[in-house]
Amino acid sequence: MTTAIETPSGLGPHSADRRTRTAQIKTRARSLGFQKVGIVKADKLLDEQTRLEEWLRRGYHGEMSWITREPQQRADPQQLFPTARTIVVVALNYYTPHQHANHSATGKISRYAWGDDYHEVVGNKLRELLDWIKHEWPEAEGKVCVDIQPTMDKAWAVRAGLGWMGKHTNVITQDFGSWIFIGELLLNVELEYDDVEVADQCGSCTLCIDACPTGAIVEPYVVDANLCISHATIESRAPEIRADVAEKLEGWVYGCDICQDVCPWNHTTPVTAEARFEPRAGNINGDLSELLELTPETYAARFRHSAMKRAKLAGLQRNARTLVGNGRSAMNRTPQAGSPRGVVDREGAK
């Protein structure tokens with residue numbers, strides 16, 4: 001067993017040992033399948049909190065009222081885990097090369113939900129990492145966060161140097177585009193921190209903004225969830241999808257990938273090595289008639305260990321009913337390919 005890791009009190013090994021242990025943790029995280037790993041100090045996200053509060057003030061959170069609860073907690077990791085000193089931020093590639101079919105009897109499903117539930121896949125890997133850290137250094141304690149906990153996952157990914165915030169508000173990495181899941185491991189120990197963030201490389205490109213059929217990206221880096229197809233088909237619990245969104249679903253029955261599909265950074269993403277992200281049967285395009293015939297029992301069996309549970313049975317059937325009523329599920333627009341990655345204009349980047 002290696003020497004005990006530095007304690008929250010500040011007493012412990014010198015910086016060379018801390019640097020070695022940091023490298024060991026990164027190596028272990030990569031061995032568990034994470035493609036990108038960054039380690040940052042568990043400071044408050046003050047600028048990010050200000051932007052979040054302004055976004056909430058403008059009412060852009062839509063029906064996601066849970067975001068309005070204590071936004072300061074989302075920006076302060078020590079309110080979630082009081083002894084937090086360090087945050088290990090990871091990214092896991094989920095890209096598979098399958099494509100949606102244009103068929104009037106089906107609805108398109110967002111790529112992130114094709115395979116097994118990412119909360120479980122990423123969470124289990126992070127818990128395995130935490131168990132290893134605690135075995136190596138018994139003083140260590142931690143908390144795993146994968147999207148459900150009140151943390152600002154994308155902000156931490158940017159802080160940790162995994163990528164930059166795209167104009168569609170997804171984190172973009174140079175190697176995997178935005179086809180990544182993000183997770184964090186909060187630790188009560190101090191490590192060596194990454195302090196170099198990746199520069200914004202969206203430049204003057206506005207493909208994601210221009211492609212959004214509902215105009216949900218109201219300005220660069222700002223999404224109005226009220227207009228977002230993903231919000232309407234996943235988060236909304238309304239009995240009917242609002243008319244101005246419903247008429248522009250473009251065949252999506254669960255989520256929407258349009259802003260990511262057109263992004264030049266997503267055109268050469270390598271295929272994930274994680275077999276659990278391979279599409280389940282019927283999860284690339286959902287059969288609308290089958291969705292409408294689901295019962296609570298068949299729904300529970302069909303979507304066990306799937307992220308699609310988020311929409312609930314009523315939501316999925318509302319979405320399917322809307323597509324059938326619109327008669328638009330066959331009218332799936334093929335996104336215009338973005339310019340080759342090498343010629344994306346970098347001028348004007350933030």
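**Aromatic pairs and a buried histidine**

Arg111 sits over the face of Trp179, 4.9 Å from the ring centre; for such a charge, NZ of Lys or CZ of Arg has to be within 6 Å of the ring centre and within 35 degrees of the ring normal. The model is a predicted one, with local features needing pLDDT of at least 70 and side-chain atom pairs counted only at pLDDT 80 or more, while totals for chains, interfaces and linings use all residues. Residues are numbered from 1 along each chain as its sequence is written, and side-chain values use heavy atoms, leaving out hydrogens and water.

Trp179 also belongs to an aromatic cluster, together with Tyr94, Tyr95, Tyr112, Tyr118, Phe181, Tyr254 and Phe277. The whole structure holds 10 aromatic pairs, a pair being rings of Phe, Tyr or Trp (its six-membered ring) with centres within 6.5 Å, called stacked with planes under 30 degrees apart, edge-to-face over 60 and tilted for the rest. Trp164 and Trp265 make an edge-to-face pair, because their ring planes stand at 75 degrees, with the centres 5.1 Å apart. This pair ties together distant parts of the chain, 101 residues apart: Trp164 is in strand β5, and Trp265 is in the loop between α10 (258-261) and β11 (285-287). Helices here are DSSP runs (H or I, at least four residues), as are strands (E, at least two), numbered from the N terminus. Trp164 is buried at 2% relative accessibility, and Trp265 at 6%; buried means under 20% relative accessible area, exposed over 50% and partly exposed in between (1.4 Å probe, protein chains only).

Phe181 and Phe277 are edge-to-face too, since their planes are at 65 degrees, with ring centres 5.2 Å apart.

His168 is buried, at a relative accessible area of 4%. Leaving aside residues up to four places away in sequence, His168 touches Ser178, Cys208, Ile217, Val223, Cys259, Gln260 and Cys263, a contact meaning heavy atoms within 4.5 Å. Its C-alpha atom is 5.8 Å from that of Tyr221, 53 residues apart along the chain. A polar atom of the His168 side chain also lies 3.1 Å from the backbone nitrogen of Asn170.

Zooming out, the protein chain has 13 helices and 11 strands, and 52% of its 350 residues count as buried.

Conventions: Polar contact = N/O pair within 3.5 Å; in protein donor to acceptor, adjacent residues only side chain to side chain.
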